[in-house]
Amino acid sequence: MPEPRGILTTVPRRFRVGSDPLDVAQLAASVTGPECGAVVTFVGAVRDHNSGRRVRYLEYEAFVPLAVKSFEQIAAEAAGRWPSVALAIHHRTGRLEVGEPSVAIAAASPHRADAFAVSRYAIERIKQISPIWKHEHFEGGEVWIEGATADPADEGARQAALARACS
Amino acid sequence: MLVTVRLFARLREIAGAPDIQLEVPTGSTAGHAWKSLAARYPGLEAYESSISCAVNEDYARMTAQLRDGDEIAFLPPVSGG
């Protein structure tokens with residue numbers, strides 16, 4: 001059987017963590033297809049304030065191979081609940097200025113409700129289980145932001161993310 | 001046996017290095033490696049109840065048995081997004 005030439009080589013990776021700038025249009029293109037009536041993209045960006053502090057910039061650090069695996073797990077979880085949705089996630093590392101995108105999510109499906117739900121589910125799960133950290137540099141100091149203890153097997157956390165996605 | 005410990009974010013800063021070679025007794029678990037590390041870098045102790053760990057780039061329990069040459073990562077609470 002002949003190889004499907006030129007197809008595999010042009011499919012962009014759906015799950016990526018690195019210092020390259022995010023390309024939301026390319027991310028959306030990587031998940032959509034003729035059967036999709038909806039493509040939802042979510043972009044998280046660096047905010048100029050946090051907990052009463054004036055944020056100057058953020059530095060993101062990641063355990064890259066495990067972060068990519070966590071994205072794959074999130075996609076597998078989403079596929080279990082919303083089988084018709086295709087998902088892609090890119091997260092940046094390194095120094096990001098106020099206003100710069102730090103994470104981009106694209107979810108495509110035949111109908112909009114599922115695409116909205118999966119994009120919300122993905123960002124909630126990223127915040128729970130992806131080994132990525134913000135080092136916040138604010139006016140007057142710096143601090144590592146520490147949120148959730150990452151535990152992909154924590155069913156309670158997963159249910160909380162599902163509840164937010166379905167609200 | 002010798003394992004490689006990888007530390008991230010604040011844990012990396014406390015220890016002053018991203019990678020540390022650690023000699024641990026045969027049969028040690030990830031939790032044993034953490035105790036040994038925290039004894040060397042007392043600033044890590046405060047993280048005992050909030051860390052996660054990964055062995056050879058997969059999430060693992062602190063009760064996971066280590067083997068010679070394993071890479072064990074200790075992760076402070078995450079804050080991506």
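## Model and conventions

This is a predicted model, in which local features need pLDDT of at least 70, side-chain atom pairs count only at pLDDT 80 or more, and totals for chains, interfaces and linings use all residues. Residues are numbered from 1 along each chain as its sequence is written, while chains are lettered from A and ligands numbered from 1 in the order in which they are written.

## Fold of chain A

Chain A has four helices and nine strands. These are DSSP runs, numbered from the N terminus: H or I of at least four residues for helices, E of at least two for strands. Along the sequence the pattern is β-α-β-β-β-α-β-β-β-α-β-β-α.

The C-alpha atoms of chain A fill a box of roughly 60 × 35 × 25 Å along the principal axes. The radius of gyration of chain A is 17 Å; a compact globule of 167 residues would have one near 15 Å, which agrees. That radius is taken over C-alpha atoms, and the globule rule is 2.2 Å times the number of residues to the power 0.38. Of the contacts in chain A with a separation of 6 or more, 74% join residues 24 or more positions apart. A contact means C-beta atoms, placed from the backbone, within 7 Å.

## Burial and helix 2

Buried residues make up 36% of the 167 residues in chain A. A residue is buried with 20 or more other C-beta atoms within 10 Å of its own, exposed with 12 or fewer, and partly exposed in between; C-beta atoms are placed from the backbone. In helix 2 of chain A, the buried residues include A:L66, A:F71, A:I74 and A:A78.

## Contact between the chains

Chain A gives 25 residues to the contact and chain B gives 16 residues. Helix 2 (64-81), helix 3 (112-129), strand 8 (132-138) and strand 9 (141-145) of chain A each supply at least two residues of the chain A side. Strand 8 of chain A provides the largest share, four residues.

A:F138 lies in strand 8 of chain A. A:F138 counts as partly exposed, because it has 18 C-beta neighbours inside 10 Å. Beyond its neighbours within four places in sequence, A:F138 is in contact with A:R53, A:R54, A:V55 and A:R56. A:F138 and A:V55 are 83 residues apart in sequence, yet 4.2 Å apart in space, C-alpha to C-alpha.

## Nonpolar core

The largest nonpolar core has 64 residues, of which A:L87, A:A107, A:A122 and B:L75 touch the most other members. Such a core is a set of buried Ala, Val, Leu, Ile, Met, Phe, Trp, Tyr and Cys residues joined through C-beta atoms within 7 Å. Helix 3 of chain A gives the largest share of this core, eight residues.

Notes. Contact = placed C-beta atoms within 7 Å.
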